[in-house]
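Let's take a walk through a protein fold together, one piece at a time. Have the structure open beside you as you read.

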Amino acid sequence: MEYVSPEGLRLDGRRPLEMRQINAEIGVVVKADGSAVFEMGNTKVIAAVYGPREVQNRSQQLSDQALVRCEYSMANFSTGDRLRRPKGDRRSSEISLVIRQTMEACILTHLMPRSQIDIYVQVLQADGGTRSACINAATLALADAGIPMRDLITSCSAGYLVNTPLLDLNYVEDSAGGPDLTVGILAKMDKVTLLQMCSTTAVLKVLRIASIKSFTNLRVMQVKDIV
């Protein structure tokens, strides 16, 4: 399959370093303390935040900081296969852990000891970049809930196909088998909170897609417009 045409266009008409259209809305779940819907192209994710509130399981209570919990899931209708996805499967548990650890890097948990913050993220429509979309949705939901944070986290994926670095992979590109990278950044602090690679092959070529700082500045401006 030709992922990049001789004219330099990808299958969806984008340039190699062009992101998909981004749309977001906050306050979409009335009974949640904070919520957001985040879209990257055809990928659509909803996030809801509850807390800080009393810790439900006292054995998990932390005396010096808030307990952050995260639950990730995919709707059965989010992909074309319509398969029922068991709750708590290995992939969902792994992504839940990644999102929780990424969010913990920005939440000022020490300001809310003996409390609990629950983050629920569900993929409504999947077309690549779901991990990044979940992180962006969770960040907006936390901001909507008024949770104190060091900075907003922005995330995006990148890959390398047919000797071409690509930014913000869709499902077809993500499934092509090339190396890909997911990055999460605290923009103002200029710190990386997430760096995941599916392959070490051609990682340096993937990193050539854009400098972390220039990519972050773009995403921060877009998120600020939403908030």
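Keep in mind that this is a predicted model. Start with helix α1, which has 15 residues. From its first C-alpha to its last, α1 reaches 21 Å, close to the 21 Å expected at 1.5 Å a residue.

Now look at which parts of α1 are hidden. Its buried residues are Ser92, Ile95, Ser96, Val98, Ile99, Thr102 and Met103. If you look down the axis of α1, these buried residues fall within an arc of 160 degrees, so they line one face of the helix. And what covers them? The cover for the buried residues of α1 includes β4 (67-74), β5 (115-125), α2, β6 and β9.

Some of those strands belong to a sheet, so let's turn to that next. Strands of a sheet pair through backbone hydrogen bonds, either parallel or antiparallel. Here, four strands make an open sheet in the order β7-β6-β8-β9, with antiparallel pairing. At the edges sit β7 (164-167) and β9 (191-197), each pairing on one side only. From one strand to the next, the twist averages 20 degrees.

Zoom in on β6 (residues 153-161) and β8 (residues 180-186): these strands pair in the antiparallel sense over seven bridges. Within this region, glycine 159 stands opposite aspartate 180 in β8.

Finally, see how the helices meet the sheet. Helix α1 (residues 90-104) packs on it, touching β6 and β9, and its direction makes about 165 degrees with that of β9. Helix α2 (residues 130-144) lies across β6, β8 and β9, and runs at about 170 degrees to β6.

Definitions and conventions. Residues numbered from 1 in each chain as written. Predicted model: local features only at pLDDT ≥ 70, side-chain atom pairs only at ≥ 80, totals over all residues. Heavy atoms only, no water. Pairing = 2+ DSSP bridges. Helix = DSSP H or I, 4+ residues; strand = E, 2+ residues; numbered from the N terminus. Axes fitted to C-alpha atoms, helices over the stretch in contact; angles between N-to-C directions. Contact = heavy atoms within 4.5 Å. Expected span 1.5 Å × (residues − 1). Buried < 20%, exposed > 50% of the residue type's maximum accessible area, 1.4 Å probe, protein only. Arc of directions from axis to C-beta.
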